[in-house]
Amino acid sequence: MNIRVGTGFDVHRLVEGRKCVLGGVTLPYPKGPLGHSDGDAVLHALTDAVLGAAGLDDLGTLFPDADARWKNADSLTLLQHAVALALECGWRVVNADVVVATEGPRIAPYRAAMRANMARALGVDPGAVNVKGKSLEGLGALAGGAGVAVQAVCLLQGPPLAS
Ligand code: MG
């Protein structure tokens with residue numbers, strides 16, 4: 001079996017006046033991720049994990065901030081696009097796992113909805129995608145709800161043989 005693993009990471013500041021969209025779910029929180037797109041750090045990290053595993057360009061290269069097409073873009077669209085590019089190269093998603101480090105919105109009550117969104121975009125069962133929140137223990141610049149940091153890993157299976 002030919003498999004590849006990819007990793008992704010993203011950080012966004014949480015600011016007032018922005019919808020709090022994470023994992024494709026709008027959370028009831030008074031601040032949201034600042035960004036050119038919807039700022040969904042969960043999906044950005046996951047998208048980079050998919051692209052990384054497939055050996056493709058990264059999120060910032062494929063969907064540049066300077067491109068008006070991606071202003072306020074739904075990050076699920078970006079993830080779906082990345083999965084389609086990977087599929088074109090002969091890779092399909094096996095599973096993915098995500099850690100969301102924040103002291104902003106609570107993640108636990110929305111895990112199931114995030115898993116469902118990500119699974120749909122990745123073309124896998126929800127059981128093959130996981131996500132969990134972690135506290136920052138009051139440490140660092142992201143503490144106190146100032147921001148969100150996300151780590152993602154994704155496994156792809158394909159026919160492409162290593163060159
Ligand atoms: Mg981002």
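Q: Is Glu137 buried or exposed, and what makes it count that way?
A: In this predicted model, Glu137 has a relative accessible area of 66%, and because the term exposed applies over 50%, Glu137 is classed as exposed. Glu137 is placed in the loop between S6 and S7, and its phi is positive, about 55°, although the residue is not a glycine.

Q: Why is Ala84 called partly exposed?
A: The relative accessibility of Ala84 is 34%, and since buried means under 20% and exposed means over 50%, this value falls in between and Ala84 counts as partly exposed. Ala84 belongs to helix H3, and its C-alpha atom is separated by 9.5 Å from that of Ala121, which is 37 residues apart from it along the chain.

Q: What makes H1 roughly parallel to H3?
A: The axes of helix H1 (residues 41-54) and helix H3 (residues 75-88) cross at roughly 10° and come within 9 Å. Angles under 35 degrees count as roughly parallel, and therefore H1 is described as roughly parallel to H3.

Q: Which residues of H1 and H3 meet, and how do they divide by class?
A: On the H1 side the contact is made by Leu43, His44, Leu46, Thr47, Val50, Leu51 and Ala54, which meet Ser75, Leu76, Leu78, Leu79, Ala82, Val83 and Ala86 in H3. By class, this contact has 11 nonpolar, 3 polar and no charged residues.

Q: How do you know that Thr47 is buried, and what does it touch?
A: Thr47, in helix H1, has a relative accessible area of 0%, and because buried means under 20%, Thr47 is counted as buried. Leaving aside residues up to four places away in sequence, Thr47 touches Leu59, Leu78, Leu79 and Ala82.

Q: At what angle do H3 and H4 pack, and which residues meet there?
A: H3 and H4 pack at an angle of about 35°, and their axes are 8 Å apart. In this contact Leu76, Leu79, Gln80 and Val83 of H3 meet Asn117, Ala121 and Leu122 of H4, and the residues divide into 5 nonpolar, 2 polar and no charged.

Q: Which residues touch the most other members of the largest nonpolar core, and what supplies the core?
A: The largest nonpolar core has 40 residues, and among these Met118 and Leu122 touch the most other members. At least two residues each are supplied by strand S2 (20-22), strand S3 (25-27), H1, H3, strand S5 (92-102), helix H4 (111-122), strand S6 (129-134) and strand S7 (147-158), and H1 gives the most, with 10 residues. Not counting residues up to four places away in sequence, Met118 touches Val42, Leu43, Leu46, Val98, Val129, Asn130 and Val131. A second, separate core of 5 residues includes Leu59, Phe63, Ala73 and Leu78.

Q: Why is Val42 called buried?
A: The relative accessible area of Val42 is 0%, and since buried means under 20%, Val42 is classed as buried. Val42 is found in helix H1, where it touches Leu22, Gly23, Val98, Val100, Met118 and Val150, not counting residues up to four places away in sequence. From Val42 to Asp67, C-alpha to C-alpha, the separation is 21 Å in space and 25 residues in sequence.

Q: What coordinates the magnesium ion, and how are its donor residues spaced in sequence?
A: The magnesium ion is coordinated by Asp10 (OD), His12 (NE2) and His44 (ND1), at 2.1 to 2.2 Å, and the donor residues are spaced D-x1-H-x31-H in sequence. Distant parts of the chain are linked by Asp10 in strand S1 (residues 2-16) and His44 in helix H1, which are 34 residues apart.

Q: Why do Asp10 and His44 count as buried?
A: Buried means under 20% relative accessible area, so Asp10, at 16%, counts as buried, and His44, at 6%, counts as buried. Ala41, also buried at 0%, touches Asp10, His12, Leu22, Val148 and Val150, not counting residues up to four places away in sequence.

Conventions:
Residues numbered from 1 in each chain as written. Predicted model: local features only at pLDDT ≥ 70, side-chain atom pairs only at ≥ 80, totals over all residues. Heavy atoms only, no water. Axes fitted to C-alpha atoms, helices over the stretch in contact; angles between N-to-C directions. Helix = DSSP H or I, 4+ residues; strand = E, 2+ residues; numbered from the N terminus. Parallel < 35°, antiparallel > 145°, perpendicular 65-115°, else oblique. Contact = heavy atoms within 4.5 Å. Nonpolar A, V, L, I, M, F, W, Y, C, P; charged D, E, K, R; others polar. Core = buried A, V, L, I, M, F, W, Y, C linked by side-chain atoms within 4.5 Å. Buried < 20%, exposed > 50% of the residue type's maximum accessible area, 1.4 Å probe, protein only. Donors = N, O, S within 2.8 Å, 3.2 Å for Na, K, Ca; no water.
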